[in-house]
Amino acid sequence: MDRTAIRIGVVGDVHLRWDDHDVELIDRARYDLVAFVGDLAGYRRDALGVASSIARLITPALVIPGNHDGVSLPHLAAETLERRTLARWLGRGQDSRCRDLAAMLGPVPLAGYSLHEVRRAELRLSLIAARPHSQGGGFFAFSRHLEAKYGVRSLAESAERLCQLVDDAPHDRVVFLGHNGPNGLGARRHDIWGCDFRKVEGDFGDADPRSAIDHAKRVGKRVLAVVAGHMHHRLKGGGERKWLVESDGVLYVNAARVPRIEKSGQRYHVCLETDGERARAELVAVSA
């Protein structure tokens, strides 16, 4: 183990598959940070119990909420079907649900449109948390909550906010964290953020983090890795998607291995390690 390198544990879409045994396993791994890429909740149950367990971590951690977090099932359905007016009406309770989630997480912040620092010895990284509650594709989902909490009203404004975070980042080594990943990495169903749940395949990555990644390169920041989840590794209709792609010197990681705890008790997360020059990622499987 290279202890001059920064090591980040990445927990993919949880969907209620997390307990206090995970807390012990993660703390034992001695990561510099644990990053949860969202969807703590299930389809019909909220994530408050999961959040209270995550709050027990000794390891520094942060959570970027996914499209299942802080929402009701009817609200999620309206966002998924891209019914904007209905979704805004059904989304009236999202602000309070997210406050409840943040309260249960205690010292672990709910990240989004935010800057964080990760350090080990002389190495410093700026971690940029992208748009929270992302649902992928070109639809600006959860617009009521994003406008109320962050003042962001469109994908264009979201891109501007993320580019400003790049400019404000104190360190030139950067890691991006999101619930969903950026576009531009393939439009086949098995691609890292390709669409597998519609008849027509397509690139289901987000345009706003892509704009911020490109901006970071233009202004001389070194983007080491982009880490997200959302698009599950098991594809609709069978097969598995790519979860690791290196492109133009950037490592892209999709940590959404679902279910992250299998019936056998095997538990998954990803170890992201960087020495400041390049990033490496490894899928970690731990038996109960």
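Is Gly66 buried or exposed? At 0% relative accessibility, Gly66 counts as buried in this predicted model. The chain has 288 residues, of which 56% count as buried. Its secondary structure comprises eight helices and eleven strands.

**Overall dimensions**

- A compact globule of 288 residues would have a radius of gyration near 19 Å, and the value of 17 Å for the chain agrees with this.
- The C-alpha trace spans about 50 × 45 × 40 Å along its principal axes.
- Of the contacts between residues at least 6 apart in sequence, 73% join residues at least 24 apart.

**The six-stranded sheet**

- Six strands form an open sheet in the order S4-S5-S6-S7-S9-S8, with mixed pairing.
- Strand S4 (114–120) and strand S8 (244–247) stand at the edges; each has a single partner strand, so one side of each is left without a neighbour in the sheet.
- From one strand to the next, the twist in this sheet averages 20°.
- Strand S5 (residues 123–129) runs parallel to S6, and four bridges join the two.
- Within this pairing, Ser126 has Val174 of S6 as its bridge partner, and Ala129 has Leu177 of S6.
- On the S7 side, S6 pairs in the parallel sense over five bridges, and Val175 has Ala225 of S7 as its bridge partner.
- Helix H7 lies across S4, S5 and S6, and runs at about 165° to S5.

**Burial of strand S6**

- Five of the five residues of S6 are buried, so this strand is largely enclosed by the rest of the structure.
- In a regular strand the side chains alternate between the two faces of the sheet.
- Both faces of S6 are covered, with Arg173, Val175 and Leu177 buried on one side and Val174 and Phe176 buried on the other.

**The five-stranded sheet**

- A second open sheet, of five strands, has the order S3-S2-S1-S10-S11 and mixed pairing.
- Its edges are S3 and strand S11 (279–286); each has a single partner strand, so one side of each is left without a neighbour in the sheet.
- The twist here averages 25° from one strand to the next.
- Strand S10 (residues 267–274) and S11 run antiparallel and are joined by eight bridges.
- One of the residue pairs links Thr274 to its bridge partner in S11, Ala279.
- Helix H1 (residues 20–28) packs on this sheet, where it touches strand S2 (33–36), S10 and S11, and its direction makes about 25° with that of S10.

**Nonpolar cores**

- The largest nonpolar core holds 28 residues, and Phe176, Trp193, Val226 and Tyr252 touch the most other members.
- Two or more residues each come from helix H6 (143–150), helix H7 (155–168), strand S6 (173–177), helix H8 (207–218), strand S7 (222–228) and strand S9 (250–254).
- H7 gives the most to this core, contributing four residues.
- Another core, of 26 residues, lies apart from it and includes Val10, Val118, Leu127 and Leu251.

**Surroundings of Gly66**

- Gly66 sits in the loop between strand S3 (61–63) and H3.
- Although Gly66 and Val37 are 29 residues apart in sequence, their C-alpha atoms are 7.2 Å apart in space.
- Beyond its neighbours within four places in sequence, Gly66 is in contact with Gly38, Asp39, His133 and His179.

- His75 belongs to helix H3 (residues 73–80).
- With a relative accessible area of 1%, His75 is buried.
- Its contacts, leaving aside neighbours within four places in sequence, are with Ala87, Leu90, Gly91, Gln94 and Phe142.

**Cysteines**

- A disulfide is a covalent bond between the sulfur atoms of two cysteines.
- With a cut-off of 2.5 Å between cysteine sulfur atoms, the count comes to zero disulfides.
- Cys195 counts as buried, at 2% relative accessibility.
- Cys271 is also buried, with a relative accessible area of 9%.

Definitions and conventions
Residues are numbered from 1 along each chain as its sequence is written. This is a predicted model: local features need pLDDT of at least 70, side-chain atom pairs count only at pLDDT 80 or more; totals for chains, interfaces and linings use all residues. Side-chain values use heavy atoms; hydrogens and water are left out. Buried means under 20% relative accessible area, exposed over 50%, partly exposed in between (1.4 Å probe, protein chains only). A nonpolar core is a set of buried Ala, Val, Leu, Ile, Met, Phe, Trp, Tyr and Cys residues joined through side-chain atoms within 4.5 Å. Two strands pair if DSSP finds at least two bridges between them. Axes are lines fitted to C-alpha atoms, for helices over the stretch in contact, and angles run from 0 to 180 degrees between N-to-C directions. Contact means heavy atoms within 4.5 Å. The radius of gyration is taken over C-alpha atoms; the globule rule is 2.2 Å times the number of residues to the power 0.38.
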